[in-house]
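Please read it with the view open.

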Amino acid sequence: MKKQVELYTDGACSGNPGPGGWGAILRCDKKEREISGGERQTTNNRMEMLAAISGLRELKYRCTVELYTDSKYLLQGATEWLSGWKAKGWLSASKKPVKNVDLWQQLDALLKQHEIHWHWVRGHSGHPENERADQLARAAIPWGKV
């Protein structure tokens with residue numbers, strides 16, 4: 001039987017592009033783990049994606065994952081756009097290269113390893129785990145010189 005995992009993710013960016021951070025909370029069998037990271041020059045969308053990618057990378061076995069995000073870009077990209085981008089050789093509907101293709105390819109590989117159920121939550125609306133993931137992401141922003 002596959003393990004059941006809850007994954008809450010968020011990304012933050014100061015400026016877009018600018019310094020950014022991501023945070024994720026993994027919950028399984030009453031255990032919880034928080035992870036985070038940041039980059040000096042990035043975008044909010046990249047941080048949202050890295051939160052999900054990093055959380056999924058932590059899983060050592062095939063799992064059923066309830067993935068919560070406040071990013072419609074991440075959710076729609078993974079559930080609606082990804083298969084079309086792959087079929088078109090990673091080109092968008094406007095025949096331009098897909099933005100963040102490096103991260104979409106990483107996410108695509110991880111999605112094949114697990115059974116993912118996507119959930120959108122409204123950001124900054126008091127959802128406890130989303131608020132905590134946001135705190136982790138903001139704390140991980142590297143504020144030094146860019």
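1. The protein has four helices and five strands. Starting at the N terminus, their order is β-β-β-α-β-α-α-β-α. The radius of gyration is 15 Å, close to the 15 Å that the globule rule gives for 146 residues, so the protein is as compact as a globular protein of that length. This is a predicted model, and each point below should be read with that in mind.

2. On overall extent, the C-alpha atoms fill a box of roughly 45 × 45 × 25 Å along the principal axes. Buried residues make up 49% of the 146 in the protein.

3. How much of the contact pattern comes from residues 24 or more positions apart? Among contacts with a separation of 6 or more, such residues account for 66%.

4. On charge, the protein carries 22 positive and 17 negative side chains. The centres of the two sets lie 6 Å apart. Side chains of opposite charge can pair when their charged atoms come close. In this model the count comes to 11 salt bridges, and the next points take up some of them.

5. Which residue forms a salt bridge with K2? The partner is E115, with the closest N and O atoms 2.7 Å apart. This pair links distant parts of the chain: K2 belongs to the segment before strand 1 (3–13), E115 is in strand 5 (residues 115–120), and 113 residues separate them. K2 has a relative accessibility of 27% and counts as partly exposed. E115, at 31%, is partly exposed as well.

6. R132 and E34 also meet through their side chains in a salt bridge, at 2.9 Å from N to O. Here too the pair links distant parts of the chain, with R132 in helix 4 (residues 128–139) and E34 in strand 3 (residues 31–42), 98 residues apart. R132 has a relative accessible area of 30%, which makes it partly exposed. E34 is partly exposed at 35% relative accessibility.

7. A salt bridge between D108 and K86 has its closest N and O atoms 3.2 Å apart. D108 lies in helix 3 (residues 101–111) and K86 in helix 2 (residues 72–87), so this pair ties together parts that are 22 residues apart in sequence. Is D108 buried or exposed? Its relative accessible area is 10%, so D108 is buried. K86, at 35% relative accessibility, is partly exposed. Elsewhere, salt bridges that share partners join E6, R27, E32 and E129 into one network.

8. The backbone has a cis peptide bond from N16 to P17, with omega near 15°. P17 sits in the loop between strand 1 and strand 2 (18–28).

9. T42 is in contact with both residues of that bond. Its contacts, leaving out residues up to four places away in sequence, are C13, N16, P17, G18, P19, G20 and M47. T42 itself is placed in strand 3. Its relative accessibility is 3%, so T42 counts as buried. Where does N100 lie? N100 is found in the loop between helix 2 and helix 3. Its phi is near 65°, a positive value in a residue other than glycine. With a relative accessible area of 15%, N100 is buried.

10. H124 has a positive phi too, of about 55°, although it is not a glycine. H124 is located in the loop between strand 5 and helix 4. The relative accessible area of H124 is 54%, so this residue is exposed, whereas N100 is buried.

Methods:
Residues numbered from 1 in each chain as written. Predicted model: local features only at pLDDT ≥ 70, side-chain atom pairs only at ≥ 80, totals over all residues. Heavy atoms only, no water. Helix = DSSP H or I, 4+ residues; strand = E, 2+ residues; numbered from the N terminus. Rg over C-alpha atoms; globule rule 2.2 N^0.38 Å. Buried < 20%, exposed > 50% of the residue type's maximum accessible area, 1.4 Å probe, protein only. Contact = heavy atoms within 4.5 Å. Lys, Arg positive; Asp, Glu negative; His and termini not counted. Charge placed at Lys NZ, Arg CZ, Asp CG, Glu CD. Salt bridge = Lys/Arg side-chain N within 4 Å of Asp/Glu carboxyl O.
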